[in-house]
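Please open the structure in your viewer and keep the selection panel at hand.

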Amino acid sequence: MAFRQKHLLGIEPLHPEEIKTVLDVADTYVDLNRQSNKHSDALKGLTQINMFFENSTRTQASFELAGKRLGADVMNMAMQASSIKKGETLIDTALTLNAMHPDLLVVRHPHSGAVDLLAQKVNCAVLNAGDGKHEHPTQALLDALTIRRAKGRLHRLNIAICGDITHSRVARSNLILLGKMENRVRLVGPPTLVPQQFREFGCEIYDDMAEGLKDVDVVMMLRLQKERMDGGFIPSEREYFYRYGLDADKLAHAKPDAIVMHPGPMNRGVEIDGTIADDINRSVIQEQVEMGVAVRMAAMDLLARNLKAEREANNGVMV
Amino acid sequence: MTIFTNARLIDPETQTDEIGWLRVEGPTIAERGTGTPPMGESIDCGGKCLAPGIVDLGVKVSEPGERHKESFASAGRAAAAGGVTTIVTRPDTINAIDTPEVLEFVRRRAATDAIVKVKHMSALTKGRDGREMVEIGFMLDAGAAAFTDCDHVVTDTKVLQRALTYAKSCGALVIGHPQEPTLSKGAAATSGKFAALRGLPSVSPMAERMGLDRDLALVEMTGVRYHFDQVTTARALPALERGKANGFDITAGVSIHHLTLNELDVGDYRTFFKVKPPLRAEEDRLAMVDAVASGLIDIICSMHTPQDEESKRLPFEEAASGAVALETMLPAALRLYHAGQLTLPELFRAMALNPAKRLGLNSGRLSDGAPADLVLFDPDAPFVLDRFALRSKSKNTPFDGARMQGKIKGTWVDGLRVYEG
């Protein structure tokens with residue numbers, strides 16, 4: 001099977017075949033998750049530690065469930081309340097944890113690049129659960145799986161990523177992944193929230209929703225990340241909703257069978273109209289959550305296989 | 001149908017000044033010529049000047065908040081008496097015009113009370129306090145002609161950058177006040193011999209260029225349409241020229257006071273001469289006149305700022321800034337014509353055509369199809385200005401008692417006469 005990564009730090013290092021492999025494995029876990037007995041032994045005996053240096057409910061729950069279903073021993077560490085507060089550096093925290101011999105580390109951190117740094121200091125597989133405004137690879141993979149299942153393919157699609165691109169790691173991972181799989185990616189939003197430099201990476205950029213959504217197959221809405229803003233990016237939420245919020249009028253510019261996605265949590269009436277979010281014919285937002293667990297199971301499964309293979313090559317000695 | 005005959009037609013578009021006739025059909029200019037006028041109801045202009053009505057960019061009407069200083073009714077009458085057919089109001093009212101709801105209110109007031117056309121500008125940031133941009137999209141939908149915080153410079157460059165980026169995406173025109181705000185804080189005069197002698201807190205004329213340079217860099221970053229409300233110092237001109245040569249979408253204005261008065265006019269602390277930015281040296285004034293003649297400065301405005309007696313009858317430093325000018329703008333500008341520094345078509349290019357173009361209005365010209373917004377004036381008729389004869393509610397003019405030349409004989413808005421002198 002074509003998946004050679006030691007860590008899952010981002011979409012950028014992945015080969016399109018590796019992305020395909022993750023999605024293929026995830027498909028089998030979707031089936032497993034729909035059964036009454038959701039257990040597998042893929043991670044049996046392994047230890048998974050979830051380190052979240054930033055608040056998370058959904059992603060953490062998804063990773064925890066994925067680990068437990070695969071038979072791992074899962075531990076959650078709420079890092080905000082612990083050693084950082086006492087002044088420990090990230091590297092010291094990593095070394096401390098490493099001494100406990102974890103096999104899978106799931107890390108979220110508010111600063112871009114922090115998860116990469118941590119991965120250099122430990123000898124287990126590290127999964128990036130979101131680092132600052134950089135990447136959120138499992139989100140992009142679950143979005144890809146959702147699109148592939150809804151559209152029957154993951155190439156030659158017109159996909160609009162809309163809203164707060166500047167503050168979004170989801171957008172970065174998605175536009176890299178969708179680009180690698182040969183789709184046309186558009187970024188739509190107010191220019192204060194869309195870095196124009198992404199044009200150089202092959203994205204088309206629009207500041208008008210009607211133009212940006214014209215004939216797209218997929219509309220991916222992003223949350224307005226108020227907590228990451230230092231003020232002044234948009235005049236008000238009501239004007240934002242009026243110009244950039246997804247409602248039926250704006251969605252009418254997309255293809256009639258276009259699907260609507262949102263990574264959650266949603267701000268209804270800010271970036272998306274409630275009736276669109278709830279429209280079961282258009283919205284795949286609930287499917288995204290379901291795919292999330294399956295994709296994380298697949299990613300951890302594949303990383304664990306590589307980890308075990310590496311250890312076997314070293315005669316079972318951890319390096 | 002009305003035919004203006006025997007008129008000296010001042011056309012800023014073709015830069016011509018010639019005797020002829022002009023036919024008005026309903027609210028629009030239908031035809032003009034130089035030979036025998038067509039038959040019909042006519043007004044004999046007696047060889048006096050007929051020009052497009054002035055479009056005055058940056059008028060303070062003190063509604064809401066200070067209606068005792070100026071209302072839409074009084075400002076409209078003053079404008080008509082001064083040959084101003086379109087006033088573009090400033091948002092520096094109390095409270096600032098920074099929400100679509102307030103804009104809607106003033107638009108309604110203007111529509112019922114003013115006898116000339118009124119366009120409204122919106123603040124650029126909420127409360128003009130330089131922290132958060134206004135709802136630029138909603139304000140445009142509500143009819144905002146441009147966005148400006150007036151003399152409140154947005155000091156936080158990041159806030160300004162975002163506001164300009166957003167404004168650009170909406171296609172909005174932004175108007176800035178080129179001034180380095182920390183240098184000019186508290187200043188009542190321009191640094192120089194006069195301010196030193198009078199012991200007034202003063203600001204270096206370089207503060208204007210510093211502000212202009214910063215804003216030009218932001219225009220280059222964002223590509224926004226930008227207008228500098230008042231450029232008043234010689235040293236700012238090369239930067240402005242460079243910006244225009246680089247192809248930025250920029251224009252610049254100057255107030256009538258900075259074209260016709262200098263710092264020495266303040267004399268014995270006469271507060272009616274306190275304006276913002278402060279009056280400049282004579283060399284600066286002459287440089288501004290040249291810049292208008294060459295077209296480097298695009299727009300002459302009145303910077304009409306009504307202040308009541310109480311806010312002016314104070315020590316110079318404490319007195320409020322600003323002067324009324326709707327009625328005195330044209331006679332004052334004619335000083336430059338009589339001095340041989342500017343031709344009449346050049347004056348009306350800066351007072352009518354250019355501001356109209358900048359705001360996307362069809363007025364400011366004498367061509368067929370343009371609205372019949374006209375002013376008829378005798379450029380030579382002398383008079384002594386009596387400030388108590390002004391139609392503005394506030395009488396704070398620096399020209400009180402001044403000998404002036406140029407009387408307005410009539411003003412028409414959309415073909416209807418709104419003033420007869």
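Begin where two chains meet: select helix 8 of chain A and helix 4 of chain B, whose crossing is left-handed. The model is a predicted one.

Which residues make the contact between helix 8 of chain A and helix 4 of chain B? From helix 8 of chain A come Glu239(A), Arg243(A) and Tyr244(A); from helix 4 of chain B come Tyr166(B), Ser169(B) and Cys170(B). Sorted by class, this contact has three nonpolar, one polar and two charged residues.

**Second stop: two helices of chain A**

Now select residues 137–151 of chain A, which form helix 5, and residues 169–180 of chain A, which form helix 6. Two packed helices are described by the angle between their axes and the distance between the axes. Here the axes come within 8 Å and cross at roughly 50°. Helix 5 of chain A is therefore oblique to helix 6 of chain A. The crossing of this pair is right-handed.

Colour the residues that meet. On helix 5 of chain A they are Pro137(A), Gln139(A), Ala140(A), Leu141(A), Asp143(A), Ala144(A) and Ile147(A). On helix 6 of chain A they are Val170(A), Ser173(A), Asn174(A), Leu177(A) and Leu178(A). The contact has eight nonpolar, three polar and one charged residues.

Switch to a cartoon view and find the open sheet of chain A, in which five strands lie in the order 7-6-5-8-9 with parallel pairing. Strand 7 (204–206) and strand 9 (259–261) of chain A are the edge strands, each pairing on one side only. From one strand to the next, the twist averages 20°.

Then select strand 8 of chain A, residues 218–221. How many bridges join strand 8 to strand 9 of chain A? There are three, and the two strands run parallel. Within this region, Val218(A) stands opposite Ile259(A) of strand 9 of chain A.

**Last stop: helix 11**

Finally, select residues 285–313 of chain A, the 29 residues of helix 11. From first C-alpha to last, helix 11 of chain A reaches 42 Å, close to the 42 Å expected at 1.5 Å a residue. Just after helix 11 of chain A, Asn315(A) takes a positive phi of about 60°.

Technical notes:
Residues numbered from 1 in each chain as written. Chains lettered and ligands numbered in written order. Predicted model: local features only at pLDDT ≥ 70, side-chain atom pairs only at ≥ 80, totals over all residues. Heavy atoms only, no water. Axes fitted to C-alpha atoms, helices over the stretch in contact; angles between N-to-C directions. Helix = DSSP H or I, 4+ residues; strand = E, 2+ residues; numbered from the N terminus. Parallel < 35°, antiparallel > 145°, perpendicular 65-115°, else oblique. Left-handed = near helix turned anticlockwise from the far one by under 90°. Contact = heavy atoms within 4.5 Å. Nonpolar A, V, L, I, M, F, W, Y, C, P; charged D, E, K, R; others polar. Pairing = 2+ DSSP bridges. Expected span 1.5 Å × (residues − 1).
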